[in-house]
Amino acid sequence: MEATGEIPADSIQYGKPGNCFTVLEGANNENTDMGEYSNRFTCELKFSVVQIDVITGEELNDDTLEEEYPLEDLVISVSDFMTKVAFIDFRFSWDNAGNSNEILAKFALQNKNLPSAITMLIDCLGMQPCDRTEEVQEGSKKHMLHLSGTFLGGLGVLARVQVSISSTNAIIVKIAVRCDDQNISKLLIENIG
């Protein structure tokens with residue numbers, strides 16, 4: 001992914017918000033390389049400071065001061081290419097998707113408890129929890145999370161995630177992802193690992 005253009009702000013008055021945009025190109029459905037969907041960009045704001053007469057709105061002199069200001073890095077991840085879409089009947093959708101393009105994986109997470117692990121997984125995948133499965137019962141040692149979404153290009157994605165606490169208090173995740181494009185399923189699992 002690379003920056004291929006920009007739309008600068010014509011003018012932003014002191015103390016007032018304004019917008020400028022950067023055009024990024026690169027990710028498409030033909031390429032499922034993780035690097036195409038995950039990037040970190042170093043950002044910098046470049047601007048010119050001009051003295052303005054507050055009454056007339058005219059420039060006071062021709063001197064402009066060129067400035068550069070570093071900004072937070074922009075991080076784009078796989079979840080930014082996912083739209084949260086709730087399926088009305090997750091179980092029916094899961095069964096109809098079949099398992100021919102299903103990808104299975106097992107992970108151990110660094111989270112301290114089930115609710116924080118569930119929140120991290122939802123954020124990491126960028127998918128919509130279904131059937132209120134994002135709610136973890138107090139004191140539970142095991143939880144099943146159902147997620148759904150639409151990936152770039154209109155590809156429906158479903159995930160079943162079993163999260164449990166092991167005897168050593170580690171958080172263990174078993175995930176199954178189904179999508180018509182098996183490469184997208186792999187990509188989503190790689191995003192967790």
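Modeller: Two residues are in contact when they have heavy atoms within 4.5 Å of each other. Helices (DSSP H or I, at least four residues) and strands (E, at least two) are DSSP runs, numbered from the N terminus. This is a predicted model, where local features need pLDDT of at least 70 and side-chain atom pairs count only at pLDDT 80 or more, while totals for chains, interfaces and linings use all residues. Residues are numbered from 1 along each chain as its sequence is written, and side-chain values use heavy atoms, with hydrogens and water left out.

Colleague: Where in the protein is confidence lowest, and where is it highest?

Modeller: Read pLDDT, the predictor's confidence in each residue, from 0 to 100. The protein has a mean pLDDT of 86. Of its residues, 93% reach 70 or more. Confidence is lowest in helix α1 (residues 34-37), with a mean of 59. It is highest in strand β9 (residues 128-129), at 95.

Colleague: Now a helix. Which residues of α2 are buried?

Modeller: Buried means under 20% relative accessible area, exposed over 50%, and partly exposed in between (1.4 Å probe, protein chains only). In helix α2 (residues 90-97), F90, S93 and W94 are buried. They span an arc of only 100° around the axis, so they lie on the same side of α2. That arc is taken from the directions from the helix axis to the C-beta atoms.

Colleague: And which exposed residues sit on the face turned away from the buried side of α2?

Modeller: R91, F92, D95 and N96.

Colleague: Which strands do the buried residues of α2 pack against?

Modeller: Three: β10 (142-151), β11 (155-165) and β12 (171-179). Look just past the helix too. After α2, G98 has a positive phi of about 70°.

Colleague: Take β10, then. How many of its residues are buried?

Modeller: 7 of its 10 residues are buried, so β10 is largely enclosed by the rest of the structure.

Colleague: Which strands pair with β10?

Modeller: Two strands pair if DSSP finds at least two bridges between them. Strand β7 (residues 82-84) runs antiparallel to β10, with 3 bridges. There, T83 faces T150 of β10. Strand β9 is also antiparallel to β10, over 2 bridges. Its Q128 has S148 in β10 as bridge partner. Strand β11 joins β10 through 10 bridges, again antiparallel. In that pair, K142 is opposite S164 of β11. The β10 and β11 hairpin has 3 residues between the strands, and G153 takes a positive phi near 95°.

Colleague: Which residues have the most contacts inside the largest nonpolar core?

Modeller: A nonpolar core is a set of buried Ala, Val, Leu, Ile, Met, Phe, Trp, Tyr and Cys residues joined through side-chain atoms within 4.5 Å. The largest one holds 35 residues, and F151, V157, V161, V163 and I175 have the most contacts inside it. Two or more residues come from each of β8 (103-109), α3 (114-125), β10, β11, β12 and α4 (182-192). The largest share, 7 residues, is from α3. There is also a second, separate core of 5 residues, F90, W94, C130 and L158 among them.

Colleague: What does V163 touch?

Modeller: Leaving out residues up to four places away in sequence, its contacts include L114, A117, I118 and L121. Also on the list are K141, K142, H143, I171, I172 and V173.

Colleague: One last residue. Is T22 buried or exposed?

Modeller: T22 counts as exposed because its relative accessibility is 53%. T22 lies in strand β2 (residues 21-25). T22 and G5 are 17 residues apart in sequence, yet their C-alpha atoms are 5.8 Å apart. Beyond four places in sequence, T22 touches A3, G5 and E6.
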